[in-house]
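Notebook open, structure loaded. I want to look up how the parts touch one another, then jot down what I find.

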Amino acid sequence: MSVINEATDKKAILNKKNSSGISPWQIAVKKLKKNKLAMFGLFILGVLALAAIFAPLITSYDRDLINMAKIYEAPSFNHWLGTDELGRDVYTRLVYGTRISLSVGIVSTAVSVIIGVILGAVGGYLGGIVDAIIMRIVDIFMCFPFYLIAIVVAGIFGPSLLILMAIMGILSWPKIARIVRAEVLTLKHREFVEASRALGLNSRKIIFKHIIPNTMAPIIVYATLGIAQGILSEAGLSYLGLGVKQPIPSWGNMLSAAQNFSVLVSQWWLWIPPGIMVLFTVLSINFFGDGLRDALDPKIIQ
Amino acid sequence: MRKYITKRLLLMIPVLLGISIVIFSLINIAPGDPFSSMIDPNITASDKQNMLESIGYYDTLPVKYVKWLGRAAHGDLGYSIRYKEPVTDVIMRNIGNTMLLSLSALLLSVLIAVPIGVISATHKYSLFDYVITVFSFIGLSIPVFFLGMLMIKFLAFDMNLFPISGMVTVGADYSGIQKFFDLIQHMILPVTALGMINMASLMRYTRSSMLEVITQDYIRTARAKGLKERRVIYKHALKNALIPVVTVICMSMGYLLSGALLTETVFSWPGMGTLIYQAILNRDYPLVTSSTMVLAMFILFSNLLADILYAFLDPRIKFN
Amino acid sequence: MSETLIKVKNLVTSFKSSEGPIRVLDGVSFSIDKGKVLGIVGESGCGKSITSLSIMRLLPQPNGYIESGEILYNGVDLTKLSSSEMEALRGNDISMIFQEPMTALNPVFSIGSQIGEVLEVHKRLKGRERREKTIEMLKLVGIPRPDKIVDEYPHQLSGGMRQRVMIAMALSCDPKLLIADEPTTALDVTIQVQILELIKSLKDNLNTSVMFITHDLGVIAEMADEVAVMYLGRIVEYTTVDDIFENPMHPYTMGLLCARLVNVKKCDKLTCIPGMVPTLNNRPKGCAFSTRCTKCMDICKEEMPELKQIKPNHKVRCWLYS
């Protein structure tokens, strides 16, 4: 058999599903559905996403309406979670805060995944000097504690939603790059890559069309968990006053009300609800992400 | 192994340089004139001109960098705008407190998380394992400052079990053993809050490392030798499982320092975190950038320590 | 007059699964006399390894379990022993070596400490005495510079060396029975020969019984006194090594023999047994081999034949002979 025919056969195998007709993805989905915690997490996330999208429909007050006559009111029938220091309805702001927290988490993760996947794959595949440089940059980034740099940069450039997403994206890509690189290194020497080379594909095509799709599993898992990390980070930075600025509500800046000691002690409805929201959102993401990791792990046989 | 360590040390050099370049860029991007803050504010105007020249104010950027690097290597990190004293002095005052907090949190989390992780793995799917898993999920998902706030509100304020904030009781003049106990009392809440998250992730990591080792062939061999199960788990499995765990512990210094910033703010703990936060609000950039550099160095060395320990513990690297 | 060392009677081993219990061994019976070698032959998945793990009571937990049957070792039923009683036997009376030498040794302990451990636990040897005995065992299995190797780590040795170490470890307490589960499959052919020679000579010198598991009939010819051929959890033919090659009776055995390259001249072309081994939860009705047997009759598809003694020292499970 000529080399070309051999390689074409190998390519056919590349695209083939296994003999019983179930693709690895379908197996993973099946496994995932059995995981109750993961499904519960997914359900909560679904509810939150809907709440974020349909916020105006489930809240009755204006988000930013200041009413100085009604400040610091405890929860009541009119205001389910009371009012804040400017008389605004806490429940409404909490629901709108979902939008900010979720979108910051998603966008910053998207940024870090894109940068991380490209640099990790390129470094892992090309090796040599390129890899060495990229890895050194990763090492440098990993020496800076996240909040420290985020605080410093936010402090210098002033807080804004865009800067926040950018900082978080830029500080998180090294982690993903490392994972992608490790995966690429293992895959590099597998047969189907050699088959692609035999077919005459250039490096770029090999990286994008063949290697990256096979690294999807850990990328998806880490992206999911990265969103959780993003939400936590946004909360932290906004709490310090260096994230989302008023009047836009985010769970983080709602929590910053409790920097005031009397609020912490007497007006629990201002800070405990947003804190619990962060906890439940991140928890759900973690349940789901963990279930995802187990489902996509080929070593775990049910 | 010597080759491995030498290689690691050599690789550290570009990283060190990289860190210094990042810091230097931050210094120059920050608003304000970074050079006035590099010289003692108490000197005369003519001396000031000479000083400015010697520190490179009139030089080109690369020369500026080299001169700054030289001074930094000698411990001269400039002067704090707010405190009007050398940055090095200010940092020295506060870094100890942050280290106390972080290292205690590290110790606490290791002492609790590792044994629990091991037991969780050997009793997979038991009630204990299930409870621990839920607990560690919660621990991973809660923002450290929210946890701190909850602790202050309920444990310190409502139940009056612990002091609300700070490192020492203000006004009281304790000494000796009383001072020590006062310190411990103040430490309990922040150390627990900071350590909680590290504990949760370490628990899960130990568990999964242990689980992976238990399925290895050499564990089956150990059993086939007629060794008692306790010996198989706590000698054969554990030693293998702990090697990556040790490196993770070293590398968690980065997370702990990061979390310490937030924890300190919540508990008004006088450490680097509060220092940096205040410095940013006060636009005291020399303090900010130098503190950043000091912490980054510390993390760099913890990562290096992690690699070296790994080489020591794993015979596959030690003897090759 | 040879004495029976170990007698397995109707061993049934199953695995718990999400689809219900799966029977892996379905009534396996055989015996091994003192100083003799029993070869167990079969394709992957026929249950040969599970047989050995059942004897050692090392079935994968928590799903593997012995459903019924007896394993009589020197009159004692191993299935009824407590874990500490089994621990006293393992490595001491009954030892086992495995297929993958590359992963069978603990990477973080030295060779000497891993062998010494067996000596310490079973024979209470300590210190210098233990080290000397360890070095003696290494010498016995043909490892050069044993006094240096004793302090080295597994990753510093080749596959063949590691397997020798495994053998040294298994034989260090003078076991009566050695179970060898495909010990040479993962090794180069030249090393295979050395290891087989080693096992043979040790067995002769120490008068150890051996249960040798393999899929390679050539190895059986070299090593075994008696042979049991397994298919899908049952023994289908059980006889002496000479008889299995000269008078194979079961169609499966004949198929295995014909599939060997050595027989190409005899059979004109390389034959192979048509079809694939059925999975354990898709057992055929009747005789397990009926789906692939060239001599399949109607009764074969309906009823499972018993293992019957057709000639002295020759048992077959096949309707052709009952």
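Predicted model: local features only at pLDDT ≥ 70, side-chain atom pairs only at ≥ 80, totals over all residues.

I find 14 residues of domain 1 of chain C in contact with 12 residues of domain 2 of chain C. Which helix gives the most to the domain 1 side? Helix H8 of chain C, residues 189–206, does, with 7 residues. I sorted that side of domain 1 of chain C by residue type and got 11 nonpolar, 3 polar and no charged.

Next I checked where the domains of chain C run. Domain 1 of chain C is made of two stretches, 4–93 and 175–321, and domain 2 of chain C covers 105–173. I have their C-alpha centres at 30 Å apart.

Then I moved on to chain A. I get 14 helices and 0 strands for chain A. Of the 302 residues in chain A, 44% are buried. I also looked at contacts in chain A between residues at least 6 apart in sequence, and 69% of these join residues at least 24 apart.

Last entry: chain A against chain B. Here 31 residues of chain A are in contact with 36 residues of chain B. Helices of chain A giving two or more residues to this side are H6 (128–142), H7 (146–157), H11 (216–239), H13 (261–266) and H14 (268–296). H14(A) has the largest share, 8 residues. How does the chain A side divide by residue type? I note 25 nonpolar, 4 polar and 2 charged.

Methods
Residues numbered from 1 in each chain as written. Chains lettered and ligands numbered in written order. Domains from an automatic or database assignment. Contact = placed C-beta atoms within 7 Å. Helix = DSSP H or I, 4+ residues; strand = E, 2+ residues; numbered from the N terminus. Nonpolar A, V, L, I, M, F, W, Y, C, P; charged D, E, K, R; others polar. Buried ≥ 20, exposed ≤ 12 C-beta atoms within 10 Å, placed from the backbone.
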